[in-house]
Amino acid sequence: GARESSCNNNTAVQMASRRGEDPKLRNLKIKTGVFKRLTKEKAMYEKEVVDQQAVIEKLKAQGEDVYVIRKQCEVLEESKKMVPDCERRLETIRDELLATLETDKELAESKEYKEAQALLQGTV
């Protein structure tokens, strides 16, 4: 017989269900992965801000050219702008993950559900 029309969207959920994986579980895994990645990203930018501030202080102490210091300050400002952006995206995915845990309680015994719950307990 004819397979699906090529016009159909192959969403992650549709693809997961074809592989026999519960689409709700797949959705939970994806959201948990995004939450972990954004948590790491935020920490990385926060560390970058601290490191960059140290670089600037060192350059000033060494009497480095004003142009070089100004360029390093621009790098610092870019990193500083990324922290609130990460915080906003992290808050959004945290809310989505909380909602998923609330609506998909039938997954409560799965390791993925427990992992998501444990991750969130550190942030709520």
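These questions and answers walk through the helices of one predicted model.

The model is predicted, so local features need pLDDT of at least 70 and side-chain atom pairs pLDDT 80 or more, while totals for chains, interfaces and linings use all residues. Residues are numbered from 1 along each chain as its sequence is written, and side-chain values use heavy atoms, leaving out hydrogens and water.

Reader: What pattern does the chain follow along the sequence?
Author: Helices (H or I, at least four residues) and strands (E, at least two) are DSSP runs, numbered from the N terminus. The chain has four helices and zero strands. Read along the sequence, the pattern is α-α-α-α.

Reader: What share of the 124 residues counts as buried?
Author: Buried means under 20% relative accessible area, exposed over 50%, and partly exposed in between, with a 1.4 Å probe and protein chains only. Of the 124 residues, the buried share is 25%.

Reader: Which residues of helix α4 are buried, and on which side of α4 do they lie?
Author: Helix α4 spans residues 111-121, and its buried residues are E112, Y113, A116 and L120. They cover an arc of only 100° around the axis, taking directions from the helix axis to the C-beta atoms.

Reader: Which exposed residues sit on the face of α4 turned away from its buried side?
Author: The buried residues have cover that includes α2 (23-61) and α3 (66-103). The face turned away from the buried side carries exposed K111 and Q121.

Reader: How are α2 and α4 oriented to each other?
Author: Axes are lines fitted to C-alpha atoms, for helices over the stretch in contact, and angles run from 0 to 180 degrees between N-to-C directions. The α2 and α4 axes lie 10 Å apart, at an angle of about 30°. Angles under 35 degrees count as roughly parallel, over 145 as roughly antiparallel, 65 to 115 as roughly perpendicular and the rest as oblique. Therefore α2 and α4 are roughly parallel.

Reader: How are α2 and α3 oriented?
Author: Their axes are 8 Å apart, and α2 and α3 pack at an angle of about 160°. That makes α2 and α3 roughly antiparallel.

Reader: Which residues does D104 touch, not counting residues up to four places away in sequence?
Author: D104 is found in the loop between α3 and α4. D104 is buried, with a relative accessible area of 7%. Contact means heavy atoms within 4.5 Å. By that rule, D104 touches K24 and Y113.
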